[in-house]
Amino acid sequence: MILLADGGSTKCDWILLNEEGEQIFKTRTLGLNPAVFKKGVLEERLYDNVEIKSHLDVITRVHFYGAGCGTPKPTAILEGVFKEYFNDTTEIVVKEDMVAAVYAVTTEPGIVCILGTGSNSCYFDGDDIHMSLESLGYILMDEASGNYFGKRLIRDYYYKRMPQDVSTEFGKRYDLSADSIKMNLYQKENPNSYLAHFAEFIFTSERNGYFYKIITEGIQEFIETRVLGFAEAQNVPVHFIGSIAHFSEDIIRAAVWPYNITIGNIVQRPIDGIIDYYRNQVLKVGQKQS
């Protein structure tokens, strides 16, 4: 059986399929970003999952697509964790989440964008993935991501740039003391996910002019830096993956209109698209094996 995973810094979705493409179970762990978490944290988050543990004897392949797996060193760390946990005969494949995003939305040429806890983009030519530049993570990049908006909210709160009613509600919902914020950002692990959890305030509150403004500015910055940098931007569909994209669809469509960009698929969670890809392209369910 093949265990598939689509992982970010905050959470990771897992699906076990048999060779006929039938779903055995679907489960979730906390995020397994090897560029953010130490080996011990990765192991703890994986080992704590009862569903995965109870099926270890039938898992023959593990294909993991996740944030932080775009460079060799963190990828090797996660591969090591998997090789220790799963049996020696298991096939271990670890690739960056951008690959899964492509699988989830298209088999044709297009630009694929991730807007979740972090953000990224690539051009898919129908066969291969092409990155415009390497991502430098949540401190320097990640435009229009959850951590981008979380950072913006905290800054606006402290600089008193929020409307008073929004500021009051924000202060009621979260611990915004300077000590707490600095502790989480500079002394605890996973500061990008900590920042991203503030972004839910925007998307679980009634839309107002202030929220619309900051979402629009973030999306606009992402389009200018991570979409228009591709020469193919106006010739192929641009697809979006992630919760931020899902809840900002109207703003995305408005932001790309001046650039004559065609919007393709907008998908909140890519795991279902990944399942379809594996059933049709890898397991080839219903097709004769060559």
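Modeller: Thr 117 sits in the loop that links strand 6 (110-115) to strand 7 (119-124). Helices (H or I, at least four residues) and strands (E, at least two) are DSSP runs, numbered from the N terminus. This is a predicted model, where local features need pLDDT of at least 70, side-chain atom pairs count only at pLDDT 80 or more, and totals for chains, interfaces and linings use all residues. Residues are numbered from 1 along each chain as its sequence is written, and side-chain values use heavy atoms, with hydrogens and water left out.

Is Thr 117 buried or exposed? Thr 117 is buried, because its relative accessible area is 19%. Buried means under 20% relative accessible area, exposed over 50%, partly exposed in between (1.4 Å probe, protein chains only). Contact means heavy atoms within 4.5 Å. Setting aside neighbours within four places in sequence, Thr 117 has contacts that include Ser 9, Asp 142, Asn 192 and Ala 196.

Leu 115 belongs to the largest nonpolar core, which has 44 residues. Such a core is a set of buried Ala, Val, Leu, Ile, Met, Phe, Trp, Tyr and Cys residues joined through side-chain atoms within 4.5 Å. Leu 115, Leu 153, Ile 219 and Phe 240 touch the most other members. Helix 10 (residues 209-227) gives this core its largest share, eight residues. Beyond four places in sequence, Ile 219 is in contact with Leu 115, Ala 144, Ile 251, Ile 252 and Ala 255. In soluble globular proteins, nonpolar side chains tend to be buried together.
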